[in-house]
Amino acid sequence: MVQPVDAALSTAALVIANQTESSYSMETDMKDEQTKFGRIVGYGNNSESFEFSAYGERGDAGQMAVIDAIRNKKQLKVWEVDVNVDKENKHDALFAYCIVESIERSNSQDGYEEVSGTLQVYGTAKQGKINQLPIEVIEFGQYGFETPGEYTGEADSRVQAPDETPVGE
């Protein structure tokens with residue numbers, strides 16, 4: 001989930017629609033020096049980043065938040081959330097302020113547009129927990145069971161992305 005840093009207080013986070021992949025990575029610079037007594041190695045500074053890929057969806061608020069952040073050179077808040085809840089009905093989560101390093105849109109032969117981005121963590125990502133997410137967020141992009149005559153229209157009209165996702169409420 002993402003949220004622009006200039007969003008009003010109590011504004012909900014946004015789900016990036018149609019994600020196909022996402023990842024978090026951390027690496028460190030190594031200090032590596034030779035002395036008269038042999039090699040000394042040690043940890044240097046860490047760098048952390050999030051990456052995602054998604055099928056482009058015109059007007060998706062989550063995808064647009066990432067694009068707007070790099071265009072306007074603003075930080076973006078990012079949450080990586082485990083969709084499974086623990087015994088306290090909370091989700092393990094990783095939170096960070098990020099700078100969008102890159103965003104790429106590409107069109108494929110099958111007519112789909114793919115959006116992918118790399119978000120570099122400002123400082124250090126923080127581990128924590130958030131309250132249970134609404135089922136619409138967990139089952140994002142899926143439709144539920146219907147009884148005959150309950151709805152009309154195609155499946156696409158039944159699959160609704162939540163406009164905004166409450167975090168920690």
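Reply: Gladly! Read from the N terminus, the chain's elements follow the order β-β-β-α-β-β-β-α-α. That comprises three helices and six strands. Please keep in mind that this is a predicted model.

Me: Thanks. Why is R39 called exposed?

Reply: The label exposed needs a relative accessible area over 50%. R39 has 56% relative accessibility, so it counts as exposed. You will find R39 in strand β3.

Me: And what makes S49 buried or exposed?

Reply: S49 is also placed in strand β3. Buried means under 20% relative accessible area. With 8% relative accessibility, S49 therefore counts as buried.

Me: Which residues does S49 touch, apart from its neighbours within four places in sequence?

Reply: S49 is in contact with S23, Y24 and S25, and also with L119, Q120 and V121. Each of these has heavy atoms within 4.5 Å of S49, as the term contact requires.

Me: Back to R39: what contacts does it have beyond its neighbours within four places in sequence?

Reply: With those neighbours left aside, R39 is in contact with D32, E33 and Q34.

Me: How do you know that the R39 and D32 side chains make a polar contact?

Reply: A polar contact asks for a pair of N or O atoms within 3.5 Å, one able to donate a hydrogen and the other to accept it. The side chains of R39 and D32 come to 2.9 Å, and the pair is listed as a polar contact.

Me: Then there is N18. Why is it called partly exposed?

Reply: Partly exposed covers what falls between buried, under 20%, and exposed, over 50%. The relative accessible area of N18 is 32%, so N18 is partly exposed. Its place is in the loop between β1 and β2. The C-alpha atoms of N18 and D60 are 9.5 Å apart, while 42 residues separate the two along the chain.

Me: How much of the chain counts as buried?

Reply: Of its 169 residues, 26% do. As for contacts with a separation of 6 or more, 62% of them come from residues 24 or more positions apart.

Me: What makes β4 and β5 a pair?

Reply: Two strands pair if there are at least two bridges between them, so the count of bridges is what to look at. Seven bridges join β4 to β5 (residues 90-107), and the strands run antiparallel. V85 stands opposite H91 in β5. The hairpin of these strands has four residues between them, and N89 takes a positive phi near 60 degrees there.

Me: Which residues lie nearest the centre of the largest pocket?

Reply: They are M1, Q19, S22, W79 and V81, out of 21 lining residues. Two or more lining residues come from each of β2 (19-35), β3 (38-55), β4 (76-85) and α2 (135-138). The largest share, five residues, is from β4. The pocket's volume is about 470 Å³.

Me: What is the make-up of that lining?

Reply: It has 15 nonpolar residues, four polar and two charged.

Key
Residues numbered from 1 in each chain as written. Predicted model: local features only at pLDDT ≥ 70, side-chain atom pairs only at ≥ 80, totals over all residues. Heavy atoms only, no water. 1 Å grid on protein atoms, 1.4 Å probe; cavity = no way out; pocket = protein on both sides within 12 Å on 5 of 7 lines; lining within 4 Å. Points joined across faces, edges and corners; volume = space filled by probe spheres on them. Nonpolar A, V, L, I, M, F, W, Y, C, P; charged D, E, K, R; others polar. Buried < 20%, exposed > 50% of the residue type's maximum accessible area, 1.4 Å probe, protein only.
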